[in-house]
Amino acid sequence: MDSNKKKVVHDENDKGHRYGNFHSYYNFHPPSDRIVPLFEKYFPNLMDVIIQHPNNDNNDNNDNSNPTFIANEKKGEEKRRMLTYCDLGCNEGDLTLAMANELHKRSSLNVRSFGIDIDAELIRRANKKCETLLKDDGVEASFEGGDLTNASDHLNVCENFFRSDADCRSDEEAGEGEGEGKQIQRHRRVCFDLCSIFSTTMWIHVHSGDEGLKLFLKRASAMCNVLLIEPQPSKWYGYFCYFYSQEDVFV
Ligand SMILES: C[S@@+](CC[C@H](N)C(=O)[O-])C[C@H]1O[C@@H](n2cnc3c(N)ncnc32)[C@H](O)[C@@H]1O
């Protein structure tokens, strides 16, 4: 990929072809067709991997321990009662909410889920869908807009999610001036039990190049215990090139 080209500007009239922000995506990709094979065929031990992750063995010397669990302990609640889940590139939320319901069903733990997408209209719809698609009181969800190719956007929205109820350290303590070490410190206090990236890596790749994709994946994995990626096959890149071969993108 040519990494000398610049990013394109978001065009509202694009109908989803530029960022994959399709507005009727779930009419032709029902979450039920994806959830069952995911848990039963491809990753039958996914729940065990999440629940038994060593970072959940929370102790004072473990810098990587999950802040959700720490917060619960501080409040005197049972140590393991909540899972946190983040879906990167969530579109209008149907798959995120189906995943959250499934994680709750399979673990019997409360689930707090969070989705991020670049398209504000999709985020508005996703927040609205929480009213109808969440199946149990033990599952919560919220969605925020953000550009995942932008490190500050990515980190800030995730921090806000944890800040909303966890007892995070202050910004001064974590460092605002942002050397690489400070950024890693900030990532460490933002740790989801599970992050997913479903059919979004290609869009990140074509807009931010090889290096941008690598950095995005590095950030995503630093902010979770378990990272689940459904990459697009290379032949799909041809579709994007067909539409945007004349544009200033990384193809
Ligand atoms: C093909 S859809 C996949 C939606 C969902 N993850 C799924 O698999 O059902 C890709 C999503 O990634 C989002 N996206 C693309 N580039 C993004 C970026 N830089 N930041 C945040 N979201 C982005 C799009 O808006 C779109 O909703």
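**A chat about the model**

Colleague: Let's begin with I118. Leaving aside neighbours within four places in sequence, which residues is I118 in contact with?
Modeller: One thing to keep in mind from the start is that this is a predicted model. In it, I118 is in contact with Y19, N21, G145 and D147, once neighbours within four places in sequence are left aside.

Colleague: And where is the place of I118?
Modeller: I118 sits in the loop between β2 and α6, the helix of residues 120-133.

Colleague: Buried or exposed, and why does I118 count that way?
Modeller: I118 counts as buried because 23 C-beta neighbours lie inside 10 Å, and the cut-off for buried is 20 or more.

Colleague: How far apart are I118 and E144?
Modeller: They are 26 residues apart in sequence and 8.7 Å apart in space, taken from C-alpha to C-alpha.

Colleague: Switching to the ligand now. How many residues surround the ligand, and which are the closest?
Modeller: The ligand is surrounded by 22 residues, and the closest are G20, N21, G89, N91 and F198. Two elements give two or more residues to that shell, namely β2 (110-117) and α10 (201-222).

Colleague: What is the shell like by class?
Modeller: The shell has 11 nonpolar residues, eight polar ones and three charged ones.

Colleague: N91 came up there. Where is N91 found?
Modeller: N91 is in the loop between β1 (82-88) and α5 (94-107). N91 is buried because 27 other C-beta atoms lie within 10 Å. The phi of N91 is near 55 degrees, which is a positive value in a residue other than glycine.

Colleague: Which value does phi of S199 have?
Modeller: For S199, phi is near 50 degrees, again positive in a residue other than glycine. S199 lies in the loop between β4 and α10. With 18 C-beta neighbours inside 10 Å, S199 counts as partly exposed.

Colleague: Back to the loop between β1 and α5. What does G93 touch there, not counting residues up to four places away?
Modeller: G93 has its place in that loop between β1 and α5, and G93 touches G115, A126, K129 and F143 when residues up to four places away in sequence are not counted. G93 counts as buried, with 27 C-beta neighbours inside 10 Å. G93 and S142 are 49 residues apart in sequence, and their C-alpha atoms are 9.3 Å apart in space.

Colleague: What about A120, buried or partly exposed?
Modeller: A120 is partly exposed, with 13 other C-beta atoms within 10 Å. A120 is found in helix α6. The C-alpha atoms of A120 and N91 are separated by 9.6 Å, although these residues are 29 apart along the chain.

Colleague: Now α10. What is its span between the end C-alpha atoms?
Modeller: α10 spans only 17 Å, whereas a straight helix of 22 residues would span 32 Å at 1.5 Å a residue. There is also a kink of about 125 degrees in α10, centred on G209.

Colleague: Which residues of α10 are buried?
Modeller: Among them are W203, H205, H207, G209, L213 and F216. A222, also found in helix α10, is partly exposed, with 17 other C-beta atoms within 10 Å.

Colleague: Zooming out, how many helices and strands does the protein chain come to?
Modeller: The chain has 11 helices and five strands. Of its 251 residues, 35% are buried. Among contacts between residues at least 6 apart in sequence, 73% join residues at least 24 apart.

Colleague: Last topic, confidence. What is the mean pLDDT of the chain?
Modeller: The mean pLDDT is 80, and 69% of the residues reach 70 or more.

Colleague: Great, thanks for the tour!

Notes:
Residues numbered from 1 in each chain as written. Predicted model: local features only at pLDDT ≥ 70, side-chain atom pairs only at ≥ 80, totals over all residues. Near = placed C-beta within 6 Å. Helix = DSSP H or I, 4+ residues; strand = E, 2+ residues; numbered from the N terminus. Nonpolar A, V, L, I, M, F, W, Y, C, P; charged D, E, K, R; others polar. Buried ≥ 20, exposed ≤ 12 C-beta atoms within 10 Å, placed from the backbone. Contact = placed C-beta atoms within 7 Å. Expected span 1.5 Å × (residues − 1). Bend = angle between axes of the 7 residues up to and from the residue. pLDDT = per-residue confidence, 0-100.
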